[in-house]
Amino acid sequence: MSTKLLHNAYSGDLFKKEGDDLIALLANHLKITKEGTPSKVTHSVAPTVEYDFWQEYIKEEHSTKDFFATLLERSIHTHHPKYIGHQIASTVPISALATLFSAQLNNGMTVYEMGQASTAIEKVVIDMFVETIGYVQGDGFLTSGGTLANLTAMLAARKAIANDDIWNDGHHNKLAIMVSEEAHYCVDRAARIMGLGSDGIIKIPVTDNYAIRTDVLEEYYSRALQNGCQVIAIVGSAPSTSTGVYDDLEEISAFAKAKKIWFHVDGAHGGAAIFSSKYKYLLKGIDQADSVIIDGHKMMGTSSITTAVLFKNKVDSYATFEQKAHYLWDKNDDPEWYNLGKRTFECTKSMMSLRFFAIMNAYGTQFFDDNVTVLYDAGREFGTYVEQHSDFELALEPISNIVCFRYTGNLPSQTYEQINRKIRQELLEDGEFYIVSTVLKGAFFLRTTFMNPFTNREHMELLLKKIKGIAKEIEIKKEEINF
């Protein structure tokens, strides 16, 4: 058997050459996209067309340099200031370098001996989160994304609150979780994964401002008890993914304490506002939560996917999983912070702590303050700008970097949904801007999330101008909408 191919694949010289080419490509991409070029954020292609392209591509010979260049050309550009769409960070380059480093070293972190440096670094990162939230006896760990983080927190709630030993004996009673109807769908998914079923997801209505109605919590709680459910937790959104609105965490905390249930804060998107001296007031009461999750790859500039799961009482971060694995640990009765496999779903855990630590090492935690503050300022500025235009209306006044609005023109209200759906589709196909949409109380709205700190007033003005132009073209083609 020839090992020439293997030697070539693992060549340090080849890695340097191809790595230099890739860094040069990405450095140039970062420079030009930051300046607003190329003109398009995305190149919209049907799934089957894209699949066919890559299926044919792999049949031909291409250099690694060509592969990365082609991939870049066909990918969405999150560093472009006209990217105002989904909640994903414009990655800080130093975090991307840390991700490259960790990907090459590939140290698993389930047991300390496989990832000594990155495990200790993770503890430093978690201590930074715990201190900023205001936990006195807190602890936590990093995991792969908000969905897994929320599920982990709900399992911790079940462990702490449920009457039965479900881990060992299985379900005997009906359990339930209270959550806003505007909460992220992953909380609903977590409840179903846990076997709670439809009755175990108690969705609380929201106010006109889309925050959870704390005045009806008692009513919904009592109803759940009458239905034979034990309520184990209530979830506060910080903020709602659709609207950017924060629930009243103090009120929820008081309710949770009165009922002796778990209080969890889904701060995947906006929990990072704890670092903003200007906007941390939105999270008043978060220090009373039993658990909190915060995504680094949303508002903190890290590469995907990196999420902190944080607990007010450190013992809760160890109690969720009690499965013993003697081949991994000599002792199974000690809460060893450095053996992360005891506390997480992941049996192979990536060195995600480096993504946070690299930013902290280079710029300090002030970077997180600056980033959140600039992005939230942009959201509020855009909201004010929309209000100044009679052809548009806001769904609600934005309080974060998420803004929901729609074009109204001089059109009858029954046509709003049709024309705004068409506007969204035209924007996607055009590719100059990337924004998304949402449905709020049955009404369709365009939705922007300001994730790039270099998106400014000029880009806001160009977006509304673009939308107006598309709307006028649609209005001219009267057959495309029922006036």
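## Cysteines

How many disulfides does the count come to? Zero, going by the rule that a disulfide is a pair of cysteine sulfur atoms within 2.5 Å. Cys-404, for one, is in no disulfide, and the nearest cysteine sulfur, that of Cys-186, sits 18 Å away. As a reminder, a disulfide is a covalent bond between the sulfur atoms of two cysteines.

Before going on, note that this is a predicted model, where local features need pLDDT of at least 70, side-chain atom pairs count only at pLDDT 80 or more, and totals for chains, interfaces and linings use all residues. Residues are numbered from 1 along each chain as its sequence is written, and side-chain values use heavy atoms, with hydrogens and water left out.

Back to the cysteines: Cys-404 has a relative accessible area of 2%, so it is buried (under 20%; exposed is over 50%, and partly exposed is in between, with a 1.4 Å probe and protein chains only). Cys-229 also counts as buried, at 6% relative accessibility.

## The largest pocket

The largest pocket holds about 850 Å³ of space. Its lining has 26 residues, and the closest to the pocket centre are Leu-26, His-29, His-79, Thr-91 and Ala-96. Helix α2 gives the most to this lining, with seven residues. At least two residues each come from α2, α4 (64-73) and α5. Helices here are DSSP runs of H or I with at least four residues, strands are runs of E with at least two, and both are numbered from the N terminus.

A pocket is found on a 1 Å grid over the protein atoms alone: it is an open set of points with protein on both sides within 12 Å along at least five of seven lines, whereas a cavity is a set of points where a 1.4 Å probe fits but cannot get out. Lining residues have an atom within 4 Å of a point. Points are joined across faces, edges and corners, and a volume is the space filled by probe spheres set on them.

## Cavities

Two cavities of 30 Å³ or more turn up in the structure. About 40 Å³ of space lies in the largest cavity. Its lining is made by Thr-119, Glu-122, Lys-123, Ile-126, Gly-140, Phe-141, Trp-337, Leu-340 and Arg-343. Two or more of these lining residues come from each of α6 (116-133) and β1 (139-143), and α6 gives the most, with four.

## A nonpolar patch

Phe-15, Ile-23, Leu-97 and Leu-100 make a nonpolar surface patch of about 360 Å². Helices α2 (12-34) and α5 (93-105) each give two or more residues to the patch. Patch members have over 30% relative accessible area and no salt bridge; nonpolar side chains (Val, Leu, Ile, Met, Phe, Trp, Tyr) are joined within 5 Å, and like charges within 9 Å. The areas come from the Shrake-Rupley method with a 1.4 Å probe, and for residues only the protein chains shown count as cover. Phe-15 is found in α2 and counts as partly exposed because its relative accessibility is 46%.

## Salt bridges

There are 27 salt bridges in the whole structure, each being a side-chain nitrogen of Lys or Arg within 4 Å of a carboxyl oxygen of Asp or Glu. Arg-192 and Asp-188 meet in one of them, at 2.6 Å from N to O. Both lie in helix α9 (residues 185-193), four residues apart, or about one turn of the helix. Arg-192 is partly exposed at 44% relative accessibility, whereas Asp-188 is buried at 15%. Another bridge joins Lys-342 to Glu-336, with the closest N and O atoms 3.6 Å apart; both residues are buried.

Lys-466 and Asp-430 form a bridge too, at 2.9 Å from N to O. This pair links distant parts of the chain: Lys-466 is in helix α17 (residues 457-476) and Asp-430 is in helix α16 (residues 416-430), 36 residues apart. Both belong to a salt-bridge network that also links Lys-82 and Glu-432.

Most residues other than glycine have a negative phi, and most peptide bonds are trans. Here, the bond from Ala-238 to Pro-239 is cis, with omega near 0 degrees, and Pro-239 lies in the loop between β4 (229-237) and α11 (249-259). A cis peptide bond also joins Ser-304 and Ile-305, where omega is about -15 degrees.

Asn-106 is not a glycine, yet its phi is positive, at about 60 degrees. Asn-106 lies in the loop between α5 and α6 and is exposed, with a relative accessible area of 61%. Lys-441 has a positive phi as well, near 50 degrees, and is placed in the loop between β10 (436-440) and β11 (443-449).
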